[in-house]
Amino acid sequence: MLVLGLSGAYSFVHCPAATDTNAKRESGRRAQLTNIAAGKAVSDIIRTTLGPRAMLKMILDASGSLTLTNDGNAILREVDVSHPAAKSIIELSRTQDEEVGDGTTTVAVMAGELLSVAEPFLKANMHPTVVVRAYFAALDEAVQHAEKIAVALNADDTEKMEAIVASCIGTKYMHRHSDMLVRIALSAVKTVRDEVDGRIVIDTKTYVKVEKLPGGELEDSRVLDGVMLAKDVTAANMRRRIEKPRVLLVDCPLEYRKAESATNVELTKDSDFRALLAAEEDYVTRIVGDLLAHKPDLLITEKGVSDLALHLLAKANVSVIRRVRKTDNNRVARAVGATIVSRTSEIVDADVGTGAGLFEVTKIGDDYFTFITGCDNPRACTVLLRGGSKDVLNEVERNLQDALCVARNILLHPKMVPGGGAIEMAVAAHLTAKSKTLTDVSAAPYRAVASALEVVPRTLAENCGAKVIRVLTALRAKHAGGGGEDAVFWGIDGRSGVVVDMRTLGVWEPLIVKTQTMKTAVEAAAMLLRIDDIVSGLSKPKGSGDGVGGGGFEED
Ligand SMILES: Nc1ncnc2c1ncn2[C@@H]1O[C@H](COP(=O)(O)OP(=O)(O)OP(=O)(O)O)[C@@H](O)[C@H]1O
Ligand SMILES: [Mg+2]
């Protein structure tokens with residue numbers, strides 16, 4: 001496991017009032033400076049994973065499983081840190097992942113840099129609230145300026161859409177297959193796009209299921225026009241291929257319901273037992289009768305199916321799949337246009353799904369998989385990922401999730417900004433110019449935000465081995481007015497490390513990702529700078545006092 005050791009960077013003040021806990025306390029300037037050190041340490045960990053020439057990290061987690069990735073969030077999730085400030089930076093990248101899905105590396109790197117540029121001000125006795133206020137003022141200006149630069153995008157312009165998703169995947173390990181992943185991401189997102197009360201809703205988390213099947217080639221991966229379940233039909237003699245099936249979905253058990261709490265049945269005669277069995281049989285026969293009245297070809301249930309029910313259904317030529325997960329059943333319902341029913345007596349004909357073209361169970365490797373495909377209007381889908389090994393597939397899945405998020409963001413908020421550090425440089429140049437109009441003490445921290453934003457192009461240049469100072473100076477010159485109207489599009493080609501116009505390179509990013517990155521990073525840095533006291537009062541487990549100061553704390 002990657003362990004971040006910060007113990008050398010700060011010292012704790014021991015709080016003698018504590019009894020058997022080793023409560024620790026730091027306050028004032030020292031607390032702020034150790035927070036800054038912690039933030040910088042976290043951002044140093046993942047700095048090398050930014051951009052198209054990113055390095056991967058190999059992480060062995062607590063349970064012993066291995067992760068190979070360059071996804072900021074996936075790395076930080078596994079890092080074991082003890083400092084509270086480092087923890088909160090890690091939390092940031094998780095927030096970013098949940099909010100917009102991409103930019104999780106950038107946000108941690110930027111937050112670390114924002115903390116680091118604050119250090120001189122604190123050392124010069126500037127009050128943290130002054131710094132924080134300037135940071136927020138700069139943030140407002142930065143967000144407004146980014147919105148001004150943003151270029152509107154037509155969601156039907158497939159070429160541009162592909163370019164954006166491609167530049168998101170371009171920084172990933174899988175970029176060699178980016179054409180395929182871009183196609184998959186866009187078509188999956190378009191499949192689940194829905195309109196509710198005139199609002200576009202794209203719920204990729206619920207309705208796009210990524211299934212990884214080791215084996216085969218990565219090129220065999222595809223989006224199904226329907227869904228796949230890792231299930232086989234329940235009895236061997238049932239049909240495994242049905243064209244245009246009538247699909248019935250239920251979430252109730254097709255077996256005799258066992259009584260919930262302790263129930264006593266006293267049987268005195270042989271015939272009582274027979275009566276009991278007959279009651280069960282009647283019940284099952286009745287509910288199966290309800291089902292068969294609607295002539296389904298395929299029955300999917302989330303619960304169990306008794307032997308008798310199976311027999312009756314098989315006799316009526318119905319294929320049955322049982323114990324399907326609720327989430328899977330929901331996707332099937334959307335894909336085939338069915339409604340999941342809970343009471344067999346309440347089924348109406350409209351509940352039966354008829355939208356699917358083909359139901360087929362196929363064997364891949366050693367397992368059987370159910371495919372329900374060829375759907376007319378599948379508003380849910382399964383993405384089938386094939387590939388050599390589990391580790392590779394896991395990384396492909398993470399990359400695809402980023403791509404899905406970007407595709408979704410751009411459909412919901414069709415505005416884009418130039419990538420490759422161009423937008424950060426443009427905003428930085430704007431903030432620097434603006435800071436000249438400020439006459440009070442906040443001008444310096446305001447300008448510091450501008451220099452912190454430059455961390456993105458600087459890191460991109462560093463990671464591809466360019467001459468950082470020369471490239472950055474050239475870039476600054478372009479943005480400082482040397483580039484005219486088009487200055488905002490100048491950024492760094494993350495592969496060759498030269499200064500280029502992002503419109504020719506075609507690296508674009510959704511506006512929402514960038515504004516969210518800046519907001520999250522500034523807010524986190526500001527919050528950490530405001531802290532002037534760190535008290536950690538973890539109690540030590542008894543008997544674990546081994547050396548490292550443990551024994552000392554226990555003395556009365
Ligand atoms: N070909 C390229 N040339 C230059 N910069 C690029 C290129 N492709 C992407 N970038 C830039 O790389 C940055 C994104 O890098 P990366 O995807 O590694 O990190 P992230 O998006 O912050 O985090 P993650 O993807 O891990 O959640 C963006 O600033 C983007 O503009
Ligand atoms: Mg990214």
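Domains, a ligand shell and helix packing

Biologist: Which residues make up domain 1, domain 2 and domain 3?
Modeller: The model is predicted, so local features need pLDDT of at least 70 and side-chain atom pairs count only at pLDDT 80 or more, while totals for chains, interfaces and linings use all residues. Residues are numbered from 1 along each chain as its sequence is written, and chains are lettered from A and ligands numbered from 1 in the order in which they are written. The bounds come from an automatic or database domain assignment. That assignment gives domain 1 (7–152 + 417–536), domain 2 (158–225 + 384–413) and domain 3 (227–377).

Biologist: Where does ligand 1 lie?
Modeller: The shell holds 27 residues, the closest being T106, T171, G419, G420 and G494; a residue is near if its C-beta atom, placed from the backbone, lies within 6 Å. Because domain 1 and domain 2 both give residues to this shell, ligand 1 lies between domain 1 and domain 2.

Biologist: Which helix gives the most to the shell around ligand 1?
Modeller: Helices are DSSP runs (H or I, at least four residues) and strands likewise (E, at least two), numbered from the N terminus. At least two residues of the shell come from each of α2 (72–78), α4 (104–123) and α15 (455–463). With three residues, the one that gives the most is α4.

Biologist: At what angle do α3 and α4 pack?
Modeller: Axes are lines fitted to C-alpha atoms, for helices over the stretch in contact, and angles run from 0 to 180 degrees between N-to-C directions. I89, L92, S93, Q96 and D97 of α3 meet T104, V107, A108, A111 and G112 of α4, where contact means C-beta atoms, placed from the backbone, within 7 Å. The axes are 8 Å apart, and the angle is about 145°.

Methods. Two residues are in contact if their C-beta atoms, placed from the backbone, lie within 7 Å.
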